[in-house]
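Subject: Structure handover

Hello,

Here is the structure for you to look over. My notes follow below it.

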Amino acid sequence: GYGVNISWANRELKEATITSKFAQICNLRSKTPVKILLNKQVIKLTKAADNLYTFNVEAGKTYTVLPN
């Protein structure tokens, strides 16, 4: 499971945070290209398909999603 908070500006993603309850692979759909940060450092993500990104998450960590 995840905890998610999303902020919008002019109907576009401003920032989102994702907190994972478990160590797992997170699948994120976004029409806007994004970057993912953990502790202010960009982490590796894979573009698995159109509008689909995947990345590894650790239990209890909070990840920040920003438009790229």
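Start with the surface. This is a predicted model, and in it Tyr2, Val4, Ile6 and Trp8 make up a nonpolar patch. Together these four have about 420 Å² of accessible area. Trp8 belongs to strand β1. Trp8 is exposed, because its relative accessible area of 56% is over the 50% cut-off.

Next, the pocket. The details:

- Volume: the largest pocket holds about 230 Å³ of space.
- Classes: the lining has 9 nonpolar, 4 charged and 2 polar residues.
- Strands: β1 (2-9), β2 (12-20) and β3 (24-29) each give the lining at least two residues.
- Largest share: β2 leads, with 4 residues of the lining.

Probe-based searches are a simple idea. A probe the size of a water molecule is rolled over the atoms, and this shows where empty space is left.

Now a buried position. Ala16 sits in strand β2. Is Ala16 buried or exposed? Ala16 is buried, because its relative accessibility of 8% is under the 20% cut-off. Ala16 and Asn5 are 11 residues apart along the chain. Their C-alpha atoms are separated by 5.4 Å.

Then the backbone. Most residues other than glycine have a negative phi. Which residues have a positive phi without being glycine? Asn10 is one, with phi near 55°. Asn39 is another, with a phi of about 55°. Please look at both in turn:

- Asn10 is in the loop between β1 and β2. Its relative accessibility is 78%, so Asn10 counts as exposed.
- Asn39 is in the loop between β4 (34-38) and β5. Its relative accessible area is 62%, so Asn39 is exposed as well.

Last, two lysines.

- Lys44 lies in the loop between β5 (41-42) and β6 (46-49). Lys44 has a relative accessible area of 71%, so it is exposed.
- Lys47 is in strand β6. Lys47 counts as exposed, because its relative accessibility is 54% and the cut-off is 50%. Lys47 and Gln24 are 23 residues apart in sequence. In space they are 17 Å apart, C-alpha to C-alpha.

To recap, the patch of Tyr2, Val4, Ile6 and Trp8 is nonpolar and on the surface. Ala16 in β2 is buried. Asn10 and Asn39 carry the positive phi values.

Best regards

Notes
Residues are numbered from 1 along each chain as its sequence is written. This is a predicted model: local features need pLDDT of at least 70, side-chain atom pairs count only at pLDDT 80 or more; totals for chains, interfaces and linings use all residues. Side-chain values use heavy atoms; hydrogens and water are left out. On a 1 Å grid over the protein atoms alone, a cavity is a set of points where a 1.4 Å probe fits but cannot get out, and a pocket is an open set with protein on both sides within 12 Å along at least five of seven lines; lining residues have an atom within 4 Å of a point. Grid points are joined across faces, edges and corners, and a volume is the space filled by probe spheres set on the points. Ala, Val, Leu, Ile, Met, Phe, Trp, Tyr, Cys and Pro count as nonpolar, Asp, Glu, Lys and Arg as charged, and the others, Gly among them, as polar. Patches are made of residues with over 30% relative accessible area and no salt bridge: like charges are joined within 9 Å, nonpolar side chains (Val, Leu, Ile, Met, Phe, Trp, Tyr) within 5 Å. Accessible areas come from the Shrake-Rupley method with a 1.4 Å probe; for residues, only the protein chains shown count as cover. A salt bridge is a side-chain nitrogen of Lys or Arg within 4 Å of a carboxyl oxygen of Asp or Glu. Buried means under 20% relative accessible area, exposed over 50%, partly exposed in between (1.4 Å probe, protein chains only).
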